[in-house]
Amino acid sequence: MLIDPGMKVICPKCLHNKIWSLKDGGFRCAKCRQTFSDPRARIRITKSKLCLVIQEFLLEHSTNTILSRVAISKYMLLKILTLLRAAITQDIPDVFEGTVEVDETYLGGQWKNKRLAVKANLANAKRGRGTPKQAVFGILCRNGKVWADLIDSVEAKQLQPGILRQVKKGSTVFSDTWRGYTGIAAKGYVHRLVKHSKDSYVTNGNHINGLEGFWGYLKRKLAAKGGIRQLRLHLYLGEYVWRYNHRHLNLKEQQKYLSKLLNKYIRYG
Ligand SMILES: [Zn+2]
């Protein structure tokens with residue numbers, strides 16, 4: 001049985017998060033096929049060094065900068081950074097309620113493994129927003145938190161399960177008029193349609209500006225990275241969703257939060 005991503009189990013070998021649970025109580029990675037009993041990755045590092053790495057990560061310092069400040073091998077650093085991103089990606093916000101905005105967008109055009117991206121997403125080109133890219137679906141709760149995931153297409157069967165999972169029934173859902181959102185009202189939501197307009201100032205709350213703001217933030221951050229391989233894109237999406245959701249915490253608070261989160265994923269020594 002494929003286990004729930006909320007279970008916080010990732011492969012200790014390749015850090016993938018699609019994991020099968022086995023009858024004997026163990027686990028098998030759906031990607032690299034590794035079987036394991038303890039899903040925590042083994043890390044040979046002291047807690048104080050790990051704390052430093054987390055701080056450097058939060059400050060968005062480059063790998064080379066971190067290596068110049070923390071006495072750690074490059075291999076270990078990359079492993080910890082991937083582990084951090086994997087843990088963050090699984091740290092999904094609680095179910096939203098109240099008023100939410102939903103929207104999809106496309107990322108990329110500059111991915112290092114662009115051919116793979118193009119091949120996998122040829123169907124997405126239909127919506128007429130330029131070259132085939134990776135589609136992303138997002139939900140923003142007007143209390144300020146966001147949830148986002150990569151999707152294979154922008155059709156209803158890809159979009160609506162995300163809404164059902166992440167938004168409490170009875171909530172008000174703002175979306176544009178794309179057909180992928182048709183039928184949301186019949187599933188127990190108050191559905192409000194937004195017409196895309198150039199007006200940046202909307203007074204009646206009838207907009208999806210919050211989510212558009214997040215898309216802008218995400219795209220600026222990814223562009224600054226200068227290209228991310230398609231296979232790792234979900235980790236970076238998770239990272240920026242997390243950073244956005246925790247932007248009101250100060251550095252110390254964020255550091256404490258991530259140390260605690262990471263402890264569920266690692267064994268020291
Ligand atoms: Zn694996």
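Helices here are DSSP runs of H or I with at least four residues, and strands are runs of E with at least two, numbered from the N terminus. Hi everyone, with that settled, let's look at the rings. This is a predicted model, where local features need pLDDT of at least 70, side-chain atom pairs count only at pLDDT 80 or more, and totals for chains, interfaces and linings use all residues. Residues are numbered from 1 along each chain as its sequence is written, and side-chain values use heavy atoms, with hydrogens and water left out.

Rings of Phe, Tyr and Trp (its six-membered ring) pair if their centres lie within 6.5 Å; planes under 30 degrees apart are stacked, over 60 edge-to-face, and the rest tilted. The structure has nine such aromatic pairs. One of them, Phe 27 with Phe 36, is stacked, at 5.7 Å centre to centre and 25° between the planes. Both Phe 27 and Phe 36 are buried (under 20% relative accessible area with a 1.4 Å probe, protein chains only; exposed is over 50%, partly exposed in between).

Now to helix H6, residues 209-225, where Phe 214 and Tyr 217 sit three residues apart, about one turn of the helix. Phe 214 and Tyr 217 are both buried. Ring pairs join Phe 214, Trp 215, Tyr 217, Tyr 240 and Tyr 244 into a cluster.

A charge sits over a ring if NZ of Lys or CZ of Arg is within 6 Å of the ring centre and within 35 degrees of the ring normal. Arg 247 lies over the face of Tyr 244, 4.0 Å from the ring centre, and Arg 243 lies over Phe 57 at 4.6 Å.

Lastly, helix H7: twelve of its 13 residues are buried, among them Tyr 240, Arg 243 and Tyr 244. Thanks, all!
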